[in-house]
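Keep the sequence and the structure in view as you read.

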Amino acid sequence: MGRRGFLALGAAAATLGLMVFATRSRSVPVPPPLTPPEAPLKVFHLGHSLVGPDMPHMLAQLAPQGHEYNSQLGSGTPLRAHWEPEENILDFETANRAPAYRDAKEAVGSGEYSAVVLTEMVELRDAVKYFDAAKYLGKWADLARQGSAQTRLYLYETWHRLDDPEGWLERIGSDLETLWTGKLLAPDSRRNPGHPVYLIPGGQVLAAVARAAEAGEVPGLASRESLFARAADGGLDPIHINDLGAYVIALTHYAVLYQRSPAGLPHALARADGSAAQAFSPAAAAKVQAIVWETVRALPRTGLAAAEGPA
(Lines give C-alpha, C1' and ligand atoms only; values in the text may rest on other atoms or scores of the structure.)
Protein backbone atom coordinates (compact mmCIF):
# COMPACT_ATOMS: atom_id res chain seq x y z
CA MET A 1 0.00 0.00 0.00
CA GLY A 2 1.33 3.46 -0.92
CA ARG A 3 1.76 6.47 1.33
CA ARG A 4 -1.58 7.97 0.31
CA GLY A 5 -3.27 4.68 1.09
CA PHE A 6 -1.92 4.74 4.60
CA LEU A 7 -2.96 8.39 4.96
CA ALA A 8 -6.46 7.53 3.76
CA LEU A 9 -6.64 4.76 6.36
CA GLY A 10 -5.46 7.22 8.96
CA ALA A 11 -8.18 9.71 7.98
CA ALA A 12 -10.80 6.95 8.19
CA ALA A 13 -9.51 5.95 11.62
CA ALA A 14 -9.69 9.58 12.73
CA THR A 15 -13.33 9.82 11.64
CA LEU A 16 -14.09 6.59 13.50
CA GLY A 17 -12.31 8.05 16.51
CA LEU A 18 -14.65 11.06 16.50
CA MET A 19 -17.62 8.70 16.41
CA VAL A 20 -16.21 6.64 19.28
CA PHE A 21 -15.56 9.83 21.23
CA ALA A 22 -19.15 10.96 20.75
CA THR A 23 -20.36 7.60 22.10
CA ARG A 24 -17.90 6.87 24.90
CA SER A 25 -17.95 10.33 26.42
CA ARG A 26 -21.68 10.23 27.17
CA SER A 27 -20.76 9.75 30.82
CA VAL A 28 -20.05 13.49 30.75
CA PRO A 29 -23.34 15.35 30.14
CA VAL A 30 -23.63 16.50 26.52
CA PRO A 31 -24.89 20.08 26.42
CA PRO A 32 -28.07 20.83 24.49
CA PRO A 33 -27.77 22.29 21.00
CA LEU A 34 -27.65 26.05 20.66
CA THR A 35 -29.57 28.35 18.37
CA PRO A 36 -27.44 30.46 16.03
CA PRO A 37 -26.97 33.99 17.36
CA GLU A 38 -29.12 36.60 15.68
CA ALA A 39 -26.67 39.47 16.12
CA PRO A 40 -22.90 40.04 16.08
CA LEU A 41 -21.19 38.74 19.19
CA LYS A 42 -19.01 40.38 21.79
CA VAL A 43 -16.41 37.79 22.81
CA PHE A 44 -13.83 37.61 25.58
CA HIS A 45 -10.80 35.36 25.02
CA LEU A 46 -8.85 34.20 28.09
CA GLY A 47 -5.69 32.21 27.55
CA HIS A 48 -2.16 32.30 26.23
CA SER A 49 -0.08 32.36 23.06
CA LEU A 50 -2.15 29.65 21.33
CA VAL A 51 -4.88 32.28 21.29
CA GLY A 52 -2.48 35.08 20.40
CA PRO A 53 -3.33 38.52 19.04
CA ASP A 54 -3.92 37.55 15.40
CA MET A 55 -6.50 34.77 15.65
CA PRO A 56 -9.19 36.85 17.44
CA HIS A 57 -8.49 39.68 14.98
CA MET A 58 -9.00 37.28 12.08
CA LEU A 59 -12.22 36.04 13.66
CA ALA A 60 -13.50 39.61 13.79
CA GLN A 61 -12.87 39.94 10.04
CA LEU A 62 -14.80 36.71 9.35
CA ALA A 63 -17.71 37.52 11.65
CA PRO A 64 -20.71 39.73 10.91
CA GLN A 65 -20.06 43.46 11.05
CA GLY A 66 -20.28 44.61 14.64
CA HIS A 67 -18.41 41.66 16.17
CA GLU A 68 -16.28 42.86 19.08
CA TYR A 69 -13.69 41.20 21.28
CA ASN A 70 -11.34 41.67 24.20
CA SER A 71 -8.74 39.39 25.73
CA GLN A 72 -6.30 38.71 28.52
CA LEU A 73 -3.34 36.58 27.46
CA GLY A 74 0.07 35.40 28.56
CA SER A 75 2.66 32.83 27.55
CA GLY A 76 2.01 29.26 28.67
CA THR A 77 -0.44 30.65 31.19
CA PRO A 78 -2.70 28.35 33.24
CA LEU A 79 -6.19 29.46 34.16
CA ARG A 80 -5.05 29.52 37.79
CA ALA A 81 -2.47 32.23 37.10
CA HIS A 82 -5.12 34.40 35.43
CA TRP A 83 -7.32 33.99 38.53
CA GLU A 84 -4.87 34.32 41.42
CA PRO A 85 -3.50 37.88 41.72
CA GLU A 86 -0.24 36.81 43.35
CA GLU A 87 0.74 34.53 40.47
CA ASN A 88 2.90 35.77 37.62
CA ILE A 89 1.58 35.85 34.04
CA LEU A 90 4.56 35.41 31.73
CA ASP A 91 4.89 38.11 29.04
CA PHE A 92 1.83 39.94 30.36
CA GLU A 93 3.00 43.37 29.17
CA THR A 94 3.82 42.28 25.63
CA ALA A 95 0.83 39.95 25.21
CA ASN A 96 -1.78 42.49 26.30
CA ARG A 97 -2.06 45.69 24.34
CA ALA A 98 -4.82 48.20 23.71
CA PRO A 99 -7.45 48.06 22.36
CA ALA A 100 -7.83 44.28 22.76
CA TYR A 101 -6.77 43.98 26.40
CA ARG A 102 -9.26 44.13 29.26
CA ASP A 103 -8.77 42.87 32.81
CA ALA A 104 -10.13 39.33 32.82
CA LYS A 105 -12.06 39.30 36.09
CA GLU A 106 -13.65 42.64 35.33
CA ALA A 107 -14.58 41.51 31.82
CA VAL A 108 -15.82 37.99 32.56
CA GLY A 109 -17.86 39.13 35.56
CA SER A 110 -19.34 42.14 33.78
CA GLY A 111 -22.11 40.29 31.95
CA GLU A 112 -21.31 42.37 28.86
CA TYR A 113 -20.07 39.51 26.66
CA SER A 114 -22.13 37.25 24.43
CA ALA A 115 -19.46 34.56 24.74
CA VAL A 116 -16.48 33.83 26.98
CA VAL A 117 -13.82 31.52 25.52
CA LEU A 118 -11.43 29.88 27.99
CA THR A 119 -8.39 27.74 27.31
CA GLU A 120 -5.84 25.96 29.46
CA MET A 121 -2.08 25.72 29.27
CA VAL A 122 -0.27 22.81 27.68
CA GLU A 123 1.24 20.38 28.73
CA LEU A 124 -2.35 19.66 29.66
CA ARG A 125 -1.47 16.77 31.98
CA ASP A 126 0.59 19.20 34.04
CA ALA A 127 -2.26 21.71 34.06
CA VAL A 128 -4.57 19.05 35.48
CA LYS A 129 -2.07 17.62 37.97
CA TYR A 130 -0.29 20.72 39.24
CA PHE A 131 -2.44 23.75 38.39
CA ASP A 132 -5.98 22.62 39.35
CA ALA A 133 -7.20 23.08 35.80
CA ALA A 134 -10.75 21.81 36.35
CA LYS A 135 -11.19 23.85 39.52
CA TYR A 136 -10.19 27.09 37.82
CA LEU A 137 -12.19 26.38 34.69
CA GLY A 138 -15.16 26.14 37.04
CA LYS A 139 -14.24 29.40 38.78
CA TRP A 140 -14.05 31.33 35.51
CA ALA A 141 -17.26 29.74 34.22
CA ASP A 142 -19.08 30.55 37.46
CA LEU A 143 -17.89 34.16 37.30
CA ALA A 144 -19.34 34.46 33.80
CA ARG A 145 -22.61 32.84 34.93
CA GLN A 146 -22.89 35.31 37.78
CA GLY A 147 -22.39 38.16 35.33
CA SER A 148 -25.12 37.03 32.95
CA ALA A 149 -27.26 33.96 32.45
CA GLN A 150 -27.15 34.72 28.71
CA THR A 151 -23.36 34.48 28.26
CA ARG A 152 -22.33 31.42 26.27
CA LEU A 153 -19.29 29.60 27.63
CA TYR A 154 -16.66 27.75 25.63
CA LEU A 155 -13.49 25.76 26.17
CA TYR A 156 -11.02 26.18 23.31
CA GLU A 157 -9.21 22.85 22.81
CA THR A 158 -5.63 23.33 21.59
CA TRP A 159 -2.75 20.90 20.90
CA HIS A 160 0.69 19.84 22.10
CA ARG A 161 4.10 20.14 20.49
CA LEU A 162 4.72 18.64 17.07
CA ASP A 163 7.65 16.74 18.55
CA ASP A 164 5.64 15.21 21.40
CA PRO A 165 7.22 11.77 22.00
CA GLU A 166 3.77 10.13 21.97
CA GLY A 167 2.98 11.66 18.58
CA TRP A 168 1.22 14.92 17.75
CA LEU A 169 -1.81 13.41 16.04
CA GLU A 170 -1.98 10.67 18.66
CA ARG A 171 -2.09 13.17 21.51
CA ILE A 172 -4.77 15.25 19.82
CA GLY A 173 -6.84 12.12 19.29
CA SER A 174 -6.53 10.76 22.82
CA ASP A 175 -6.53 14.00 24.82
CA LEU A 176 -9.93 15.21 23.66
CA GLU A 177 -11.80 12.58 25.65
CA THR A 178 -9.37 11.82 28.45
CA LEU A 179 -8.22 15.35 29.30
CA TRP A 180 -10.19 18.17 27.68
CA THR A 181 -13.54 16.48 28.30
CA GLY A 182 -12.84 13.90 30.99
CA LYS A 183 -10.72 16.10 33.27
CA LEU A 184 -11.50 19.74 32.41
CA LEU A 185 -15.13 19.79 31.32
CA ALA A 186 -16.55 16.91 33.31
CA PRO A 187 -16.77 18.42 36.83
CA ASP A 188 -18.31 21.68 35.61
CA SER A 189 -20.64 19.89 33.18
CA ARG A 190 -22.06 17.77 35.96
CA ARG A 191 -22.55 20.78 38.24
CA ASN A 192 -24.07 23.07 35.62
CA PRO A 193 -26.09 21.15 33.03
CA GLY A 194 -28.37 24.14 32.57
CA HIS A 195 -25.57 26.57 31.65
CA PRO A 196 -22.77 24.38 30.28
CA VAL A 197 -19.38 25.00 28.76
CA TYR A 198 -19.28 24.09 25.07
CA LEU A 199 -16.27 23.00 23.01
CA ILE A 200 -14.30 24.84 20.33
CA PRO A 201 -12.29 21.91 18.88
CA GLY A 202 -9.19 23.72 17.66
CA GLY A 203 -6.88 20.73 18.00
CA GLN A 204 -9.30 18.41 16.22
CA VAL A 205 -9.67 20.78 13.27
CA LEU A 206 -5.96 21.52 13.00
CA ALA A 207 -5.26 17.78 12.96
CA ALA A 208 -7.93 17.21 10.29
CA VAL A 209 -6.43 19.90 8.06
CA ALA A 210 -2.95 18.44 8.60
CA ARG A 211 -4.13 14.97 7.61
CA ALA A 212 -5.78 16.33 4.50
CA ALA A 213 -2.63 18.26 3.58
CA GLU A 214 -0.45 15.18 3.97
CA ALA A 215 -2.89 13.24 1.80
CA GLY A 216 -2.45 15.82 -0.96
CA GLU A 217 -5.99 17.19 -0.58
CA VAL A 218 -5.23 20.84 0.24
CA PRO A 219 -3.68 22.71 -2.71
CA GLY A 220 -0.35 24.24 -1.77
CA LEU A 221 -0.23 22.73 1.72
CA ALA A 222 2.07 19.74 2.02
CA SER A 223 2.41 18.97 5.72
CA ARG A 224 1.42 19.77 9.27
CA GLU A 225 4.59 21.84 9.57
CA SER A 226 3.16 24.21 6.95
CA LEU A 227 0.66 25.38 9.58
CA PHE A 228 3.33 26.26 12.15
CA ALA A 229 5.54 29.30 12.62
CA ARG A 230 9.23 29.63 11.83
CA ALA A 231 11.92 31.38 13.83
CA ALA A 232 14.02 34.13 12.30
CA ASP A 233 16.67 31.53 11.41
CA GLY A 234 14.09 29.37 9.63
CA GLY A 235 13.81 26.79 12.37
CA LEU A 236 10.40 25.28 13.03
CA ASP A 237 8.39 26.46 16.04
CA PRO A 238 6.82 23.17 17.19
CA ILE A 239 3.91 24.69 19.12
CA HIS A 240 2.92 28.11 17.73
CA ILE A 241 0.89 28.32 14.52
CA ASN A 242 1.58 30.68 11.64
CA ASP A 243 -0.95 32.79 9.72
CA LEU A 244 -2.38 29.74 7.94
CA GLY A 245 -2.85 27.92 11.23
CA ALA A 246 -4.40 31.01 12.80
CA TYR A 247 -6.86 31.18 9.90
CA VAL A 248 -7.86 27.55 10.50
CA ILE A 249 -8.46 28.25 14.19
CA ALA A 250 -10.33 31.49 13.47
CA LEU A 251 -12.64 29.57 11.11
CA THR A 252 -13.20 27.01 13.87
CA HIS A 253 -14.16 29.71 16.34
CA TYR A 254 -16.49 31.25 13.76
CA ALA A 255 -18.22 27.94 13.00
CA VAL A 256 -18.86 27.19 16.68
CA LEU A 257 -19.64 30.67 17.97
CA TYR A 258 -21.94 31.61 15.10
CA GLN A 259 -23.21 28.06 14.45
CA ARG A 260 -22.74 28.60 10.73
CA SER A 261 -20.75 27.01 7.93
CA PRO A 262 -17.61 29.02 7.13
CA ALA A 263 -17.95 28.22 3.42
CA GLY A 264 -17.36 31.27 1.28
CA LEU A 265 -15.76 33.41 4.00
CA PRO A 266 -12.83 35.67 3.03
CA HIS A 267 -9.41 34.04 2.97
CA ALA A 268 -7.14 37.10 2.65
CA LEU A 269 -7.07 38.75 6.08
CA ALA A 270 -4.95 41.12 8.14
CA ARG A 271 -2.96 40.48 11.29
CA ALA A 272 -3.69 42.41 14.47
CA ASP A 273 -0.97 44.94 13.55
CA GLY A 274 -2.69 45.69 10.24
CA SER A 275 -0.21 43.87 8.00
CA ALA A 276 -1.41 41.36 5.43
CA ALA A 277 -1.44 37.79 6.71
CA GLN A 278 -0.14 34.88 4.65
CA ALA A 279 -3.19 33.40 2.95
CA PHE A 280 -4.36 30.14 1.44
CA SER A 281 -5.21 30.11 -2.24
CA PRO A 282 -8.95 30.34 -2.96
CA ALA A 283 -9.09 26.60 -3.70
CA ALA A 284 -7.19 25.68 -0.55
CA ALA A 285 -9.31 28.03 1.57
CA ALA A 286 -12.49 26.40 0.27
CA LYS A 287 -11.14 22.96 1.18
CA VAL A 288 -10.09 24.10 4.64
CA GLN A 289 -13.50 25.69 5.25
CA ALA A 290 -15.17 22.39 4.34
CA ILE A 291 -12.90 20.45 6.71
CA VAL A 292 -13.64 22.87 9.53
CA TRP A 293 -17.38 22.50 9.12
CA GLU A 294 -17.26 18.71 8.81
CA THR A 295 -15.13 18.38 11.93
CA VAL A 296 -17.15 20.82 14.03
CA ARG A 297 -20.44 19.16 13.07
CA ALA A 298 -19.10 15.72 14.04
CA LEU A 299 -18.67 16.71 17.70
CA PRO A 300 -21.77 17.14 19.89
CA ARG A 301 -20.14 19.41 22.45
CA THR A 302 -19.84 22.23 19.91
CA GLY A 303 -23.54 22.95 20.35
CA LEU A 304 -24.53 22.48 16.73
CA ALA A 305 -27.96 20.93 16.52
CA ALA A 306 -26.95 18.74 13.57
CA ALA A 307 -24.12 17.26 15.60
CA GLU A 308 -26.30 16.09 18.47
CA GLY A 309 -26.89 12.34 18.45
CA PRO A 310 -28.95 10.05 20.67
CA ALA A 311 -28.31 10.33 24.40
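Q: What makes two residues count as being in contact?
A: Contact means that heavy atoms of the two lie within 4.5 Å. The model here is a predicted one.

Q: Which residues of H7 meet which residues of H8?
A: On the H7 side they are Ala133, Ala134, Leu137, Gly138, Ala141, Asp142 and Arg145. On the H8 side they are Lys183, Leu184, Leu185, Pro187, Asp188 and Arg191.

Q: What is the hand of the crossing where H7 passes H8?
A: H7 passes H8 in a right-handed crossing.

Q: How do you know that the span of H7 is close to the expected one?
A: H7 covers residues 133-147, which is 15 residues. The expected span is 1.5 Å times one less than the number of residues. For H7 that expected value is 21 Å. From first C-alpha to last, H7 reaches 21 Å.

Q: Which residues of H7 are buried?
A: They are Ala133, Tyr136, Leu137, Gly138, Trp140, Ala141, Leu143, Ala144 and Arg145. Buried means under 20% relative accessible area.

Q: What makes H9 and H10 oblique to each other?
A: H9 spans residues 202-214 and H10 spans residues 243-258. Their axes cross at roughly 130° and come within 9 Å. Roughly perpendicular ends at 115 degrees, and roughly antiparallel needs over 145. The crossing at roughly 130° therefore makes H9 and H10 oblique.

Q: Which residues make the contact between H9 and H10?
A: H9 brings Gly202, Val205, Leu206 and Val209. H10 brings Gly245, Val248, Ile249 and Thr252. H9 passes H10 in a right-handed crossing.

Q: Why is Pro201 called buried?
A: The cut-off is under 20% relative accessible area. Pro201 has 0% relative accessibility, so Pro201 counts as buried. Pro201 is found in strand E5, residues 197-201.

Q: What does Pro201 touch, leaving out residues up to four places away in sequence?
A: Pro201 touches Glu157, Thr252, Val256, Val296, Leu299 and Thr302. Pro201 and Trp180 are 21 residues apart in sequence, and their C-alpha atoms are 9.8 Å apart in space.

Q: Is Pro238 buried or exposed?
A: Pro238 has a relative accessible area of 15%. Buried means under 20%, so Pro238 is buried. Its place is in strand E7, residues 236-241.

Q: Which residues does Pro238 touch, not counting those up to four places away in sequence?
A: They are His160, Arg161, Leu162, Asp163 and Phe228. Pro238 and Asp164 are 74 residues apart in sequence, but 9.1 Å apart in space, C-alpha to C-alpha.

Q: Why is Asp91 called partly exposed?
A: Buried is under 20% and exposed is over 50%. Asp91 has a relative accessible area of 38%, so Asp91 is partly exposed. Asp91 lies in the loop between H3 and H4. Its phi is positive, about 60°, although Asp91 is not a glycine.

Q: Why does Gln259 count as buried?
A: Gln259 has 9% relative accessibility. The limit is under 20%, so Gln259 counts as buried. Gln259 sits in the loop between H10 and H11. Gln259 has a positive phi of about 55° and is not a glycine.

Q: How many helices and strands are in the protein chain?
A: The chain has 11 helices and 7 strands. Of its 311 residues, 53% are buried.

Terms used:
Residues are numbered from 1 along each chain as its sequence is written. This is a predicted model: local features need pLDDT of at least 70, side-chain atom pairs count only at pLDDT 80 or more; totals for chains, interfaces and linings use all residues. Side-chain values use heavy atoms; hydrogens and water are left out. Helices (H or I, at least four residues) and strands (E, at least two) are DSSP runs, numbered from the N terminus. Buried means under 20% relative accessible area, exposed over 50%, partly exposed in between (1.4 Å probe, protein chains only). A crossing is left-handed if the near helix is turned anticlockwise from the far one by less than a right angle, and right-handed if clockwise. Axes are lines fitted to C-alpha atoms, for helices over the stretch in contact, and angles run from 0 to 180 degrees between N-to-C directions. Angles under 35 degrees count as roughly parallel, over 145 as roughly antiparallel, 65 to 115 as roughly perpendicular and the rest as oblique.
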